[in-house]
Amino acid sequence: MRFGFWLILICALVLGCSESNESQQRPLTLGVSTTIQDSGLLKTLSPALLQKHPDLRILVSPSGQLHRLSRDGEVDVIISHHPKGEQSLLDEGVAKQKQPLMKNRFLLVGPKEDPAHVATSLTFDEAFKKIAQRQASFVSRADGSGTHQFEHNIWQKSNITDYPQKVNTGTGMADSLRVALARESYILIDQATWQALADETEGFEILLDDEEAPDNVYSLLLIDDKGQALFDELANNTRNTIEQFYVNNLKVFMPYEP
């Protein structure tokens, strides 16, 4: 019995050391959601980060994929906008800290002709029901991102579980918007990416900004202790950059305020 106990203990120590060594050998890694890149904010943040952390590796993926990378020990800090998935990481002990960083809004955009008349809706729920009733085309990222999760929640609240006219792209926000433009379809999009691609959106417009809907909140999560300094720097030193970040003369992110 005692031999078995020590064998289990030794195995646990070896595995723990192995995981720690792998983390130390891997470059300091920051994972960010695709909308941070699509909006241009990542390009603004990167120079200062790389100056302080020359070996920093930056991965760009949908929030759901960032959470999988966190569980696999491939990242040290992430910026995600998927609250449900973030809470799971905290509950599982994968994430050690969480700090809301900034926010913006989700928008429903589509053809100016607005065949489903969603512009008269008061909420996203009402608008999605109209889209389904009119059997209008809708493009979904369908990639496990924070935007996709937000959209999925609206379909569920609207009691619409199967919608054949929904086109699933499995791609990032910018590419999904381009699909919607080509197909003249409705799409849910974050405010920053919409503004960043304004030059490409002829014939489309914002049809609904649901004031009752929750903000699109981006949060920092610390995954590995070696990312503590990076986490603290992003949490404490990026407020001015976020406040001063404009896309086509419009502010598209706001520092998070509780």
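His82 is buried, with a relative accessible area of 9%, where buried means under 20% relative accessible area, exposed over 50% and partly exposed in between, for a 1.4 Å probe and protein chains only. This residue is found in the loop between strand S3 and helix H5 (83-92); helices (H or I, at least four residues) and strands (E, at least two) are DSSP runs, numbered from the N terminus. Leaving aside residues up to four places away in sequence, His82 touches Ser63, Gly64, His67, Gly144, Ser145, Gly146 and Gln149, a contact being heavy atoms within 4.5 Å.

The structure is a predicted model, in which local features need pLDDT of at least 70 and side-chain atom pairs count only at pLDDT 80 or more, while totals for chains, interfaces and linings use all residues. Residues are numbered from 1 along each chain as its sequence is written, and side-chain values use heavy atoms, with hydrogens and water left out.

**The chain as a whole**

The chain holds 11 helices and 13 strands, and its C-alpha atoms fill a box of roughly 70 × 45 × 35 Å, taken along the principal axes. Of its 258 residues, 48% count as buried. Among the contacts with a separation of 6 or more, 75% come from residues 24 or more positions apart. The accessible surface, computed by the Shrake-Rupley method with a 1.4 Å probe and, for residues, with only the protein chains shown counting as cover, comes to about 13,200 Å², of which 50% belongs to carbon and sulfur atoms.

In soluble globular proteins, nonpolar side chains tend to be buried together. A nonpolar core here is a set of buried Ala, Val, Leu, Ile, Met, Phe, Trp, Tyr and Cys residues joined through side-chain atoms within 4.5 Å. The largest such core has 25 residues, and those with the most contacts inside it are Leu30, Ile36, Val77, Ile79, Met102, Leu230 and Phe253. The elements that give two or more residues to this core are strand S1 (29-32), helix H3 (41-52), strand S3 (77-80), strand S4 (97-104), strand S10 (216-222) and helix H10 (228-237), and H3 gives the most, with four residues. Leu30 touches, among others, Leu49, Leu56, Ile58, Val77, Ile79, Leu230 and Leu234, not counting residues up to four places away in sequence. Apart from this core lies another, of 21 residues, including Phe106, Phe124, Ile131 and Leu207.

**Helix H6**

Phe124 also belongs to the buried residues of H6, together with Asp125, Ala127, Phe128, Lys130, Ile131 and Ala132. Seven of the 10 residues of H6 are buried, so the helix is largely enclosed by the rest of the structure. Its buried residues pack against S5, strand S6 (138-140), H7, strand S8 (186-190) and S9. Just after H6, Gln135 takes a positive phi of about 55 degrees.

**Salt bridges**

A salt bridge is a side-chain nitrogen of Lys or Arg within 4 Å of a carboxyl oxygen of Asp or Glu, and a search of the whole structure finds 14 of them.

| Pair | Closest N and O atoms |
|---|---|
| Arg26 and Asp76 | 2.8 Å |
| Asp209 and Arg105 | 3.4 Å |
| Lys157 and Asp125 | 3.7 Å |

Asp209 lies in the loop between strand S9 (204-208) and S10, and Arg105 in the loop between S4 and strand S5 (106-111), so the pair ties together parts that are 104 residues apart in sequence. Asp209 is partly exposed, with a relative accessible area of 37%, whereas Arg105 counts as buried at 16% relative accessibility. Lys103, Arg105, Asp209 and Asp215 are linked in a network of salt bridges. In the remaining pair of the table, Lys157 in helix H7 (residues 146-157) and Asp125 in helix H6 (residues 124-133) are 32 residues apart, and Lys157 is exposed, with a relative accessible area of 58%.

**Gly227**

Gly227 has its place in the loop between S10 and H10 and counts as buried at 0% relative accessibility. Not counting residues up to four places away in sequence, Gly227 touches Leu28, Asp76, Val77 and Leu222. The C-alpha atoms of Gly227 and Asn237, 10 residues apart along the chain, are separated by 15 Å.
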